[in-house]
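Dear colleague,

I am handing over the structure below, and after it I set out what was found. Please read the notes with the model open beside them.

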Amino acid sequence: MRALVPALTTLVVLFAACADDGGEDATPTVEPTATTSTTAPPTVKPTQAPSAAPVMQEYDVPAGSHPHDVAPAPDGTVWYTAQATGELGILDPSTGETRHIPLGAGSSPHGVIAGPDGAAWITDSGLNAIVRFDPSTDEVRSFALPAGRAAANLNTAAFDGDGDLWFTGQSGIYGRLDPLTGEMSVFDAPRGRGPYGIDATPDGNVFYASLAGSYLGAIDRETGEVTLLEPPTAAAGVRRAWSDSQGRIWISEWDAGQVGMYDPATGAWSEWPLPGANPMAYAVYVDERDDVWLSDFGANAMVSFDPDTETFESFPLSDNPANVRQILGRQGEVWGAASAADKLIVFRTE
């Protein structure tokens with residue numbers, strides 16, 4: 001059931017904050033102009049010690065696995081969806097060793113997150129099911145979508161404040177699973193196709209991004225109904241969403257090449273264009289300092305954004321293309337899955 005992969009070579013690149021040799025690869029800090037629909041009051045970041053310059057490390061995963069999403073696991077390992085091989089990958093960062101767990105015939109896993117129960121929860125488009133992996137037993141359990149909901153093209157999932165799992169499907173659905181009973185409800189999304197990234201705020205409310213619909217959806221946990229929240233830029237291509245510690249929702253605007261932010265407390269929207277000539281913001285993640293991380297397919301780079309100073313810093317990736325499709329993290333670590341390079345990358349920030 002398990003496939004062992006030998007230890008791999010890691011590459012460490014130090015990005016010194018003060019270094020700039022003026023060469024072709026030097027990427028200056030950019031101070032963009034924000035587009036704001038409503039003026040929001042100033043906010044204060046969580047108190048943290050000053051961060052050091054990020055150190056990037058790369059880990060090879062089995063060739064041809066094409067990792068799509070990544071999630072640091074509670075036990076210190078890192079989970080990733082091996083989309084092309086229908087498996088859940090497990091990386092031990094201390095040794096670089098990986099092993100793969102088959103998820104079932106026809107599997108094509110997309111998203112993976114760590115649940116409150118310590119298990120890996122996977123959205124599997126090939127199985128058209130939510131899959132749970134128990135790391136203590138290696139048990140794999142599938143929760144199939146109801147009849148009549150075939151080919152949902154499942155994408156990502158998030159747990160709300162009540163312990164229910166909400167998920168998206170790009171074919172035009174979103175849904176809710178009760179992990180205790182297995183009861184599942186599936187809803188038709190406004191504007192049809194497009195539901196993609198999803199996340200929950202610290203108070204347990206859930207928001208999802210619609211790529212084709214180009215909106216942010218706020219889900220009513222009781223009724224399942226969705227309120228559409230549209231960014232100031234039309235047809236921005238809202239791909240992924242992530243909450244910061246204050247409950248503000250950050251979005252990656254794929255078609256507009258921007259990062260956006262919606263504040264539920266005020267109803268205010270703000271947007272900032274990423275640096276470069278042809279930015280394409282794919283994944284978004286907010287770390288424990290409330291700094292925002294994005295993957296930019298246009299620049300083949302990871303990008304960090306400081307909301308306090310409204311400045312970006314860009315970190316070019318060694319493989320071109322790398323295609324980092326998901327970012328997630330834990331204290332002092334920001335992880336990405338480079339699907340085109342068969343690698344996982346991590347930025348260590350402390």
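**Ser107 and its surroundings**

Leaving aside its neighbours within four places in sequence, Ser107 is in contact with Gln83, Gly86, Glu87, Asp124, Gly126 and Leu127, where contact means heavy atoms within 4.5 Å. Ser107 is found in the loop between β8 (98-102) and β9 (109-114); the strands named here (E, at least two residues), like helices (H or I, at least four), are DSSP runs numbered from the N terminus. Because its relative accessibility is 10%, Ser107 counts as buried, a word that stands for under 20% relative accessible area, with exposed for over 50% and partly exposed for what lies in between (1.4 Å probe, protein chains only). The side chains of Ser107 and Asp124 are joined by a polar contact of 2.5 Å, that is, a pair of N or O atoms within 3.5 Å, of which, within protein, one must be able to donate a hydrogen and the other to accept it, while residues adjacent in sequence count only if both atoms are side-chain atoms.

**Basis and confidence**

This is a predicted model, in which local features need pLDDT of at least 70 and side-chain atom pairs count only at pLDDT 80 or more, whereas totals for chains, interfaces and linings use all residues. Residues are numbered from 1 along each chain as its sequence is written, and side-chain values use heavy atoms, with hydrogens and water left out.

The protein averages a pLDDT of 89, and 85% of the residues score at least 70; pLDDT is the predictor's confidence in each residue, from 0 to 100. Confidence is lowest in strand β2 (residues 11-14), at a mean of 32, and highest in strand β22 (residues 249-253), at 99. Over residues 1-49 the pLDDT is below 50, although this stretch has 103 contacts in the model beyond near neighbours in sequence. Where pLDDT is low, the predicted coordinates should not be read in detail.

A polar atom of the Thr123 side chain lies 3.0 Å from the backbone nitrogen of Gly111. Beyond its neighbours within four places in sequence, Thr123 is in contact with several residues, including Pro109, His110, Leu154 and Phe167.

A further open sheet of four strands has the order β17-β18-β19-β20, again with antiparallel pairing, and its edge strands are β17 (195-200) and β20 (226-229), each of which pairs on one side only. Four bridges join β17 to strand β18 (residues 206-210), and Pro195 stands opposite Ser210 in β18.

**Aromatic rings**

The structure holds 20 aromatic pairs, where rings of Phe, Tyr and Trp (its six-membered ring) pair if their centres lie within 6.5 Å, and planes under 30 degrees apart count as stacked, over 60 as edge-to-face and the rest as tilted. The rings of Tyr208 and Tyr215 have centres 5.8 Å apart and planes at 70 degrees, so this pair is edge-to-face. Tyr208 counts as buried, at 0% relative accessibility, and Tyr215 likewise counts as buried, at 0%. Ring pairs link Trp166, Tyr174, Phe187, Tyr208 and Tyr215 into a cluster.

**Loops and backbone geometry**

Most residues other than glycine have a negative phi, and most peptide bonds are trans. Against that background, the peptide bond from Asn320 to Pro321 is cis, with omega near 5 degrees, and Pro321 is found in the loop between β28 (311-316) and β29 (324-330). Asn323 is found in the loop between β28 and β29; Asn323 has a positive phi of about 55 degrees although it is not a glycine, and Asn323 is buried, with a relative accessible area of 18%. Asn153, in the loop between β12 and β13 (154-159), has a positive phi near 55 degrees and is partly exposed, with a relative accessible area of 29%.

With best regards

Technical notes: Two strands pair if DSSP finds at least two bridges between them.
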